[in-house]
Amino acid sequence: MDNNSGQNEQKSPNSGSKFNFYWIWGLIAILLLAYVLTKPNNVDNKISPTTFFENFVPKGYVQKIVLVNDQIVEVYIKKDSIDKLDVFKKLRDKGGFMGEIGPHYQFQISSADRFDERLEQVKSKLSPKLKDELVYTREARNSFRGILGFLAPFVLLIFVWMFLMRRVGGGVGGPGGQIFNIGKSKASLYDKDTRVNITFEDVAGLDEAKEEVKEVVDFLKNPKKYTALGGKIPKGVLLVGPPGTGKTLLAKATAGEAQVPFFSMSGSDFVEMFVGVGASRVRDLFKQAREKAPCIIFIDEIDAVGRARGKGFFQSNDERENTLNQLLVEMDGFSGDKGVIILAATNRPDVLDSALLRPGRFDRQISIDKPDLVGRAQIFKVHLKPLKIDDDVTPEKLADLTPGFAGAEIANVCNEAALFAARKEKTAIGMKDFHDAIDRVIGGLEKKNKIISPHEKEIIAYHEAGHAICGWYLENAHPLLKVTIIPRGVAALGYAQYIPKEQYIYRTEQLLDDMCMTLGGRAAEELVFGKISTGAQNDLQKVTQLAYAMVTVYGMNEKVGNVSFYDPSNENSFTKPYSDETALLIDEEVRKMIEKSYQRTKELLTDKREQLEALAKALLEREILFKADLEALIGPMAHEEKLAE
Ligand code: ADP
Ligand code: ZN
C-alpha cells in the first residue's frame, strides 16, 4: 500500500516489474527447433508393425532392419523399392526427398524378444534369396537426439528456476548471490539507524484506532508492568479498512511511538514463490524479529496468505496453506511477553481463515474507515503543514471538495497541488491548484476507488434522505440510527443504518413498510430530479426478493393464497412446484405489490418534501447525520412512542 517510503523501494527493486515470460517461450521454441532439426531424415513415416511384417518384408522391400536400444525399429528400404512406395514418390515429386540413405521408416516395439520371434516367423516363409538379402542388426545408441530429448526438460527447468530465483532473491548481490537469498524474508527493517520517525502526530483522525494501539505502545515500552500483573498481552492486532486509509501509517507510528524496530512485509510477498519458500520466509521473518525484540512486525495485505483454507477457486493452494500454517505455528510459538507484536492489515477480514482470528493470534480488530468531513480536514491539516499555501486555502474547504477520499488520496492531492503551483512558478499554492489537483486525482482513480463528483453527491444525498424520511414516518419501520453519504465498501455509496428490532415474526404491514423504506431512495431521486439512476440497483434487488418471498413463501397475497413454495435445499430449481398459470399470477402480483409500494412511497415523500429537502441539504453539508440530528431537523420520529410498548 505504502509507496511513499523510499526505504521500501530501495530494498526490493524488482517488486514493481513483473517478469515477462516471452523469452522463456523463445527458449522453448529454440529447443524444439533443435530437436526437430537433429531428427534423422525421412523417418517421419511411421508404419504399423503389421504393414511391416505382412507387406514390406514379404514383398522384399526391406533391405535392412536396425533395432535400436531394443525399442525402436528402423527400416531401410531397398533403392529400387522406394519408387513403389507412395509416400516417397510424393516427397520426391515435391523435391523434398533427401536420401536414399534412410532409415526410411521407424516404429516402436514393446518387446525385443517378441519382435525377433515374429521376424523369424515371417522370414521362414521368404524365398532364400530375399532371406539372404535381409540384414538385421541390433544397436545400442546414444544419439545426439536422444541426449537432447533427454536433457531438454532439465535444461528448461534450470533456466526457469534460475529466472525465478533472480526474481525472488531481491536486488542484493548480483545474479549469483540471489539464489542463496531465496528463503530469507525480504522484510524491510527499520532499525535503530533507520528508525521510524513517524509518531501519532503524523496520523490525523483515527482517534479510536490510536487509542487502541496505544496499549500496544505502552506494553512495548514497559512490558514488566503488564507481566507483573499477569495481564494478557496482545499478540496480534488486525487493522481492517479500505486501502489508503492509513493502516500502514498507523502501524509505523506505533513502532515510532514505542521506539522499537519495525519489520514490514506484504502478504503477497510470501506467496508469489515456489513450494516451501513462503513458509521459510515466515520462519526467517520471525527469527529476525525475535532477535530484535521488542519490535513490531507488520504484515500488509494479510488476506493474500490468510485466506480461508480449502475454499479457494482452485480447490486449494498448498503453497499458500503451508505459508499460512507456518504463520500460525510461529504466532503460537512465542508468548507475547517476548515483546514481538504483530500488526496486520486487510480490507477483507471476511475471507480470512478463522484460525487466524482465534485467541492468541489476531484476536483484536481495529476498524479504520474512510474519513468523514472532519477527518479529512484533519488529514489535510497534516499534509498542508509542510506546504506554502495561500491564506484562502483551508483544510475545511478542501475536505468539502473531497468526499470519498481516503488519506492516501488526500496526500496525493497536496502533492499534486504543489506540483501545479511549481509549474506556474508561484510562491504559494492557491485554491486553483488544489482544484486542479483534485480533478487529476479523481481522474486517475475514478474506476479504482469510488470517488464521487459533486453532482453524484447530490443524488446520493437525496437518495439516502429518501430512505431516512420513509424510515422516520412509516409506522412500522425500524428506528433509524444514522444516515450517511460517506461511501463504504465496494457497493454502497451511502447508507442509512437502522436498529433492527429483535423479532422473528413480521406482520404484513411491517414488511410493506420495509419495502417502502427500501424504495425511498429511488422515489426521492425521481421526485427531486425527475430522473432515476443506477444507484438503486441494490435496493430494487432487495425489494424484489422481499416481494417474491411475501407472495410465494409467506402466503401474504390474497390471489395466490395461503401457500408456501419454500424450498430450502433448492432441489426444485428446475422444476417449479406450481403451474405456469400460477407462475404468471405470482409475477403479476409481485409487480403489483411493488408498484403499489412505490406509489405509496412517492406520496409519502411528496407529503414530506420539505423535510426531505432539509435532510438532503444537511447531508450534503455534514455527510453523516445521527438520530439526534434528525430530531433537531425534522422533529421526533413518528412512531417512537409505539416502539416503547
Ligand atoms: P493503507 O496501509 O491503509 O493502505 P497507508 O498507511 O499506506 O494506507 O497510507 C498511505 C498514505 O496516505 C500515508 O503514507 C499518508 O501519507 C496518507 N495517509 C493515510 N491516512 C492518513 C491519516 N489518517 N493521516 C495522515 N496521512 C494519512
Ligand atoms: Zn438506497
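Q: Where does F154 lie?
A: F154 belongs to helix α8, residues 144–168; helices here are DSSP runs of H or I with at least four residues, strands are runs of E with at least two, and both are numbered from the N terminus. The model is predicted, so local features need pLDDT of at least 70 and side-chain atom pairs count only at pLDDT 80 or more, while totals for chains, interfaces and linings use all residues. Residues are numbered from 1 along each chain as written, chains are lettered from A and ligands numbered from 1 in the order written, and side-chain values use heavy atoms, without hydrogens and water.

Q: Why does F154 count as partly exposed?
A: Its relative accessibility is 48%. Buried means under 20%, exposed means over 50%, and partly exposed is in between (1.4 Å probe, protein chains only), so F154 at 48% is partly exposed.

Q: What makes the nonpolar surface patch of about 330 Å²?
A: L151, F154, V155 and F159 make it. A patch takes residues with over 30% relative accessible area and no salt bridge, joining nonpolar side chains (Val, Leu, Ile, Met, Phe, Trp, Tyr) within 5 Å and like charges within 9 Å. Areas come from the Shrake-Rupley method with a 1.4 Å probe. F154, at 48%, is over the 30% limit.

Q: Why are H463 and H467 separated by about one helical turn?
A: They are four residues apart in helix α21 (residues 454–473). H463 is buried, with a relative accessible area of 6%, and H467 is buried, with 8%.

Q: How do you know that β1 and β2 pair?
A: Strand β1 (residues 62–68) and β2 are antiparallel over six bridges, and pairing requires at least two DSSP bridges. K64 stands opposite Y76 in β2. Three residues separate the two strands of this hairpin, and N69 in the turn has a positive phi of about 50°.

Q: How many bridges join β2 and strand β3?
A: Four, in the antiparallel sense, with β3 covering residues 105–108. Q106 in β3 is the bridge partner of E74. Strand β2 (residues 72–77) is mostly covered, with five of its six residues buried.

Q: Why is the contact of R600 and D513 called a salt bridge?
A: The N to O distance is 2.6 Å. A salt bridge needs a side-chain nitrogen of Lys or Arg within 4 Å of a carboxyl oxygen of Asp or Glu, so the pair qualifies. R600 is in helix α24 (residues 580–607) and D513 in helix α22 (residues 508–529), 87 residues apart. R600 is partly exposed at 35%, whereas D513 is buried at 3%.

Q: Which residues form salt bridges with E589?
A: K559 does, with the closest N and O atoms 3.6 Å apart, and so does K592, at 3.3 Å. E589 and K592 are three residues apart in helix α24, which means a separation of about one helical turn. E589 is buried at 8%, K592 is partly exposed at 41% and K559 is exposed at 52%.
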